[in-house]
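Please read these points with the structure open beside you. They cover one surface patch and several charged pairs.

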Amino acid sequence: MAAIDECPKLRRDLRISEQRAREGVVYVVAEPESGRFFRLREIEYFIARQLDGVSTPEDIRRKTEAKFGADLPPEEFRQFLNHIRGLGLLEGAAQATPRGRIRGSALYLRLKAFDPDRYLDWLLPKVRFCFTRGFMACTAALVVLAVALALANWPDIRRELGDLYRFNALIYAWFILLLTTSAHELAHGLTCKHFGGQVREMGVMLIYFQPALYCNVTDAWLFPEKAKRLWVTFAGAYLDIVLWAVALLMWRATEADTWVHFTALVVMATSGVRTLFNLNPLIKLDGYYLLSDGLEIPNLRARASGFLGGLWRHLWGASDSAVVDETSARERRIFVAYGLMAGIYSALLLGSIAWWSGRYLVDRYQGLGFLLFIGVLIMILMNPLKRAAGLLPKRIRTILASFRSMKRPPTKISVAALAALLLLLPATLTVPGEFAVLPTQNADIRAEVEGVIEEIYAAEGDVVETGAVIARLSNRDRLAELTQIEAAIREKQAKLKMLRAGPRAEDIAVLRQRAATAGTAEAEAKRRYAEERRLHAARLVGADAGTTKAEEQLKFAQHKLAQMAPLEAAGAISPLELEEARADVAIRRKALEEARAALQLVRAQSQAERRQDIALAEARRMEAEEELNLLLAGSRPEEIEAMEAEVASLEARRAHLKSQIERASIRSPHAGVIATPRLKEKIGQHAAKGELIAEVHDLHRVTAEIAVPEREIAYVRVGQPVILRARAHPGETFRGTVTGIAPATAVSDGTYATRIVRVMTVIDNPDGLLKSQMTGLAKIGFDDRPLVEVLARSVLGPLRVEFWSWW
């Protein structure tokens, strides 16, 4: 307090920016040594400007009261002076430690590489066109076009992105990511320089051991214009979006098997993923700073966490409620909403990472992996747990403080005790592995014939005996076909019997009578044919004579007409007589035509019909005679053999149908438990031949198949004891012995696809607790070894092989 009674003076090397904010005018003060920034309200800045080294604190307090027309209690005024002195803003106060090249924690480490200000001054004029309206309009149109192409080609993009999950592709993607990240950070720096700021630091960050580049553009906080601050923050993300758009257009325009196409795909994938991740406001990247500047609330995450902590303490009855009272209603709403979302997101993100890494370490290195996981988890959660402890009630914090104040043993003694414990303490060496339950006898009941499932006689979990009917297929079509085949067999057998018996006398007499009748019909047809020929010849002679007579009469009439024409001209005869002569010629000509037509008709008439009757009668006679001859000759041996073959074929078909009808009843080959769910739902479904209908498992004695990692199989021998615990029965322990070890390795079905060796053990299951396909964990062998060997065997074994291969 004595120092405050002097005449304090504000440091002259501070950089101050006046800015308009929602709550009014604020002043941002930059401390050059530490690079920290402070935000002062108008009254706080007025007080700071009065600290000229001449005015006393009391004079400054009175000036402030006169300026703002409000009382300023001396105690509050002294607290403010002490506060800015502690921040190092006054001359003579303890200065903040200059920032070194390496700062931060093991999980959030910054390594300063160089001061890029001169390099950015050289580069800025060459890329100043990027800050023009035309460039922004063109790149925005390019991004819109790329989005449309991405939507149109999404199936192809998704398919090709799956091909990047290869080691060489991931290495190349990591290299491309470093290049694009460098461009991302340069975009931040160049934008800051474009608006008149300074960029004094670029380097490498380790965020949870993941390397990343960074560019310190905190000088942008001194820009009075809010839009400029936002553009500096958004510049890197905008460059990523433009790179993504250009890469997508190159990917679309190039052939799939070229390196340009592959590079464009990698750039598109890395830029797209980083943009989505970078613009997430719930983690402290560009999206967070955009939200913080947009809401005009600096240090949003820290202030939201502090507000929620103060609110929690206030709810627990703590007397200090300043954190809650000093915030506005708008800030309280923002702090609650953002603090809860950021906290939940961080918990889910870190929880998923911890779950994945923990599973990997434990699966890979068992006990040692668990210890490594716990160590890394404590390292990550050390600071959050300390902050969370501050939220506890005062009584609990006092108890925890008492534990921390307890005297700890010297480090050397602790290390020696730990080493002795690891080397001397015996521990049981067991080989763990995932197991799956398999029935000792496992039968797949399949349809032996094709058909529709008509009845189901069992359900999941039912116990069935050997030969029990499980299901029945419909036999309607097969029964109908069987009826037809049996009728055909009876018909063929009757014919075969007739063939073997030979012809009867009555059949011979009937055929002889048919042959005689056919001969008589043939003779009658020949007689009628001869009579028809005689009559035709007479008709032909008569028609020929009629034609000759008509020709003579026509010639006479024509001659008479020729003689009467001159007479009529001389007037010797009347014209009427001449016309009569002409009519007579026409009549005679017509008569000639009719006679000739009659002659042609007679000539055209033939005895084809009679000849056809003769041929038909002759054919009938010959057919009757052949049938009679065949009947008299008796049945041929070949006919009898052919009929016998037909009968045998039909009988074989009948036997096959009866077998199919019998096999339509699906039976269990051995006793066991039905393991197929929802069997009744299969009624009415069509079952193809060989289709699985149900599974029957004999679970009185089961086999457990244990997946032992390849590196652990050397510790496993046939006959070793095995202890198993199923996930379905965590309180039950099942015991067995190793009965077999697979002769070859296999690839596991888990997430990491490691090589395993399958180990078999047989377990009695009288109560039926273990069901088929149940899983759990098993431990094989119980040898006593030093604790260090038990913990480190998963690491030492592979290291021995690797070291051996070096020499």
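**Notes on the surface patch and the salt bridges**

1. Ile-102, Leu-111 and Val-204 make up a nonpolar patch on the surface, and their accessible area together is about 230 Å². A patch takes residues with over 30% relative accessible area and no salt bridge, joining like charges within 9 Å and nonpolar side chains (Val, Leu, Ile, Met, Phe, Trp, Tyr) within 5 Å. Areas come from the Shrake-Rupley method with a 1.4 Å probe, and for residues only the protein chains shown count as cover.

2. This is a predicted model, in which local features need pLDDT of at least 70 and side-chain atom pairs count only at pLDDT 80 or more, while totals for chains, interfaces and linings use all residues. Residues are numbered from 1 along each chain as its sequence is written, and side-chain values use heavy atoms, with hydrogens and water left out.

3. Leu-111 belongs to strand S5 (residues 108–114). Helices (H or I, at least four residues) and strands (E, at least two) are DSSP runs, numbered from the N terminus. Leu-111 has a relative accessible area of 31%, so it is partly exposed; buried means under 20%, exposed over 50%, and partly exposed in between (1.4 Å probe, protein chains only).

4. Side chains of opposite charge can pair when their charged atoms come close. A salt bridge here is a side-chain nitrogen of Lys or Arg within 4 Å of a carboxyl oxygen of Asp or Glu. By this rule there are 30 salt bridges.

5. Arg-15 and Asp-219 form a salt bridge through their side chains, at 2.5 Å from N to O. The two are 204 residues apart: Arg-15 is in strand S1 (residues 15–21), and Asp-219 is in the loop between strand S7 (210–215) and helix H8 (226–253). Arg-15 is partly exposed at 35% relative accessible area, whereas Asp-219 is buried at 8%.

6. A salt bridge also joins the side chains of Lys-226 and Glu-296 (3.7 Å, N to O). Lys-226 is in helix H8 and Glu-296 is in the loop between helix H10 (286–295) and helix H11 (300–315), so this pair ties together parts 70 residues apart in sequence. Lys-226 is partly exposed at 28%, and Glu-296 counts as buried at 19%.

7. Which helices does the salt bridge between Glu-646 and Lys-492 tie together? The side chains meet at 2.9 Å, N to O. Glu-646 is in helix H20 (residues 637–663) and Lys-492 in helix H16 (residues 476–501), so parts 154 residues apart in sequence are tied together.
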